[in-house]
Amino acid sequence: MFLTYITDNFGKKIEQRFPKLPSILFFLSFSIYTISQYLGGTLFKINGQFIFHLMTLATLLAILKIILFDKISNIYKLLTITIILLLYAAGKNSYDFNLYYYAFFIFSARDIDFKLILRWFIALLVSLISITVLSAVFHLIPTLAIGRTNSSVLRLSLGSIYPSDFAARIFHLMVAYATLRKFNFNLAEIISFLAISVTTFVITDTKLDLILMLCLVISVVAFPTIKAVFSKVSPYIINLFVTLFIIFNLGLAYFYSSANPIFRKLDSLLTGRLSLGHIGFKDYNATLYGQFVYQNGWGGLHGAITNYFYIDSSLVRTLLMQGIIAYIFILWLILRNVRKFSTNRQYSLLLALLFIVLSSAIDQHLIELSFNFIFLASFTNNNYFIEHKEQI
């Protein structure tokens, strides 16, 4: 086959001469794309066409690594390309290509040491966030300063397009660091996480993210117990709970009724996510290949918003926008990884994945690579995270 000819005549010879090239291709493409996507979530003035070209370059480098250097059969390579094409169709229909782009890096990360990916992800995001915050503080870029209805508390975005986006980014970065440390913190790290959580809440006034951050700190303290539970519970039981959690969240939005006081209370606690998700189901519902869902949010710089509509929950948003086929791919990734991480005793990865799924009920960042890092661990070398293995 053509792919065999390419792999045998070019890939093997190039890799023999430059053994680190596959890893270089991945990290280069990953960095280019992550920076490009990150900038799209800030108030830096960026050229959309230039960002598109950068993302295209990143995906070309990623697919080059897959075709030339990945040690998988041609059947798997063709299956990978087929999945990517299906996700492209969903992206084209929804005008949201985040999952399509993400897929390139899920597959091209194969056999890379995930510990190294995490280290690079954290270093990259810390650098980008620091530059953004300093640029906002010194008025090099704008920052949003808004308040909630009937509240005098001022919420700041510090250069992000919205305060809740900044809080979500800090939360995902905290999960990444906890995963790298295998949830094994010293006292100084625990205190630092508490300080970061409180500071982020004071700046952004995002109560749900604060709860997630505090749960993360609690899980660090209780991780020995959590590991013991994971070791005794079947991965199929964990997958059952994950599946029921996703179905429950979809059901809450689908069956929401403002006439029901319980629904109204839940909707208030979730700052309108149920009612907005219900509107999404009522006006659009799920399709097979995805669709464009018109939304008008408060993020970014614009005039007054009089017809606000934005679906924050990734569990609802992704289904309505990306379609059923793409949603099945995401569910397969989640459930496959739960089973894989549990079976291989990679409990820090498992807990990180559960936190990401939990947060996806309230934020829209499940398929954004610059937020959610955990899908990258699907095909990587995860030996470092096996419990009872000596830390390198």
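Leaving aside its neighbours within four places in sequence, which residues is Ala136 in contact with? Keep that in mind as you read; the first point takes it up.

1. **Ala136 and its surroundings.** Please keep in mind that this is a predicted model. Ala136 lies in helix α6, which covers residues 114-137. Beyond the neighbours within four places in sequence, Ala136 touches Ile141, Pro142, Thr143, Leu158 and Gly159. Its relative accessibility is 5%, so Ala136 counts as buried, the cut-off being under 20%.

2. **The chain as a whole.** Stepping back, the protein chain holds 16 helices and 2 strands. Its radius of gyration is 21 Å, close to the 21 Å that the globule rule gives for 392 residues, so the chain is as compact as a globular protein of that length. Along the principal axes, the C-alpha trace spans about 65 × 45 × 45 Å. Of the 392 residues, 54% count as buried. If you take the contacts with a separation of 6 or more, 75% of them are accounted for by residues 24 or more positions apart.

3. **Helix α7.** This helix runs over residues 163-180 and has 18 residues. At 1.5 Å a residue it should span 26 Å, and its end C-alpha atoms are 26 Å apart, which agrees. α7 is mostly covered, with 17 of its 18 residues buried. Lys182 follows α7 and has a positive phi, near 55°.

4. **Helix α15.** Here you have 20 residues, 324-343, reaching 28 Å from the first C-alpha to the last, close to the 28 Å expected at 1.5 Å a residue. Among the buried residues of α15 are Ala326, Tyr327, Phe329, Ile330 and Leu333, and the list also includes Arg336 and Lys340. What covers the buried residues of α15? The cover includes α4 (74-94), α5 (98-108), α10 (223-232), α11, α14 (314-322) and α16 (347-359). After α15 comes Arg345, whose phi is positive, near 60°.

5. **Where α12 meets α13.** Helix α12 (residues 261-269) and helix α13 (residues 273-283) have axes that come within 6 Å and cross at roughly 105°. That makes α12 roughly perpendicular to α13, since angles of 65 to 115 degrees count as such. On the α12 side the contact is made by Phe263, Leu266 and Asp267, and on the α13 side by Arg273, Leu274 and Ser275. The residues of this contact divide into 3 nonpolar, 1 polar and 2 charged.

6. Is Tyr256 buried or exposed? Tyr256 has a relative accessible area of 11%, so it is buried. Its place is in the loop between α11 (235-254) and α12. Leaving aside its neighbours within four places in sequence, Tyr256 is in contact with Gly251, Phe263, Arg264, Asp267, Leu274, Ser275 and His278. For a sense of distance, Tyr256 and Ser127 are 129 residues apart in sequence and 41 Å apart in space, C-alpha to C-alpha.

Methods. Residues are numbered from 1 along each chain as its sequence is written. This is a predicted model: local features need pLDDT of at least 70, side-chain atom pairs count only at pLDDT 80 or more; totals for chains, interfaces and linings use all residues. Side-chain values use heavy atoms; hydrogens and water are left out. Axes are lines fitted to C-alpha atoms, for helices over the stretch in contact, and angles run from 0 to 180 degrees between N-to-C directions. Helices (H or I, at least four residues) and strands (E, at least two) are DSSP runs, numbered from the N terminus. Angles under 35 degrees count as roughly parallel, over 145 as roughly antiparallel, 65 to 115 as roughly perpendicular and the rest as oblique. Contact means heavy atoms within 4.5 Å. Ala, Val, Leu, Ile, Met, Phe, Trp, Tyr, Cys and Pro count as nonpolar, Asp, Glu, Lys and Arg as charged, and the others, Gly among them, as polar. The expected span of a helix is 1.5 Å times one less than its number of residues. Buried means under 20% relative accessible area, exposed over 50%, partly exposed in between (1.4 Å probe, protein chains only). The radius of gyration is taken over C-alpha atoms; the globule rule is 2.2 Å times the number of residues to the power 0.38.
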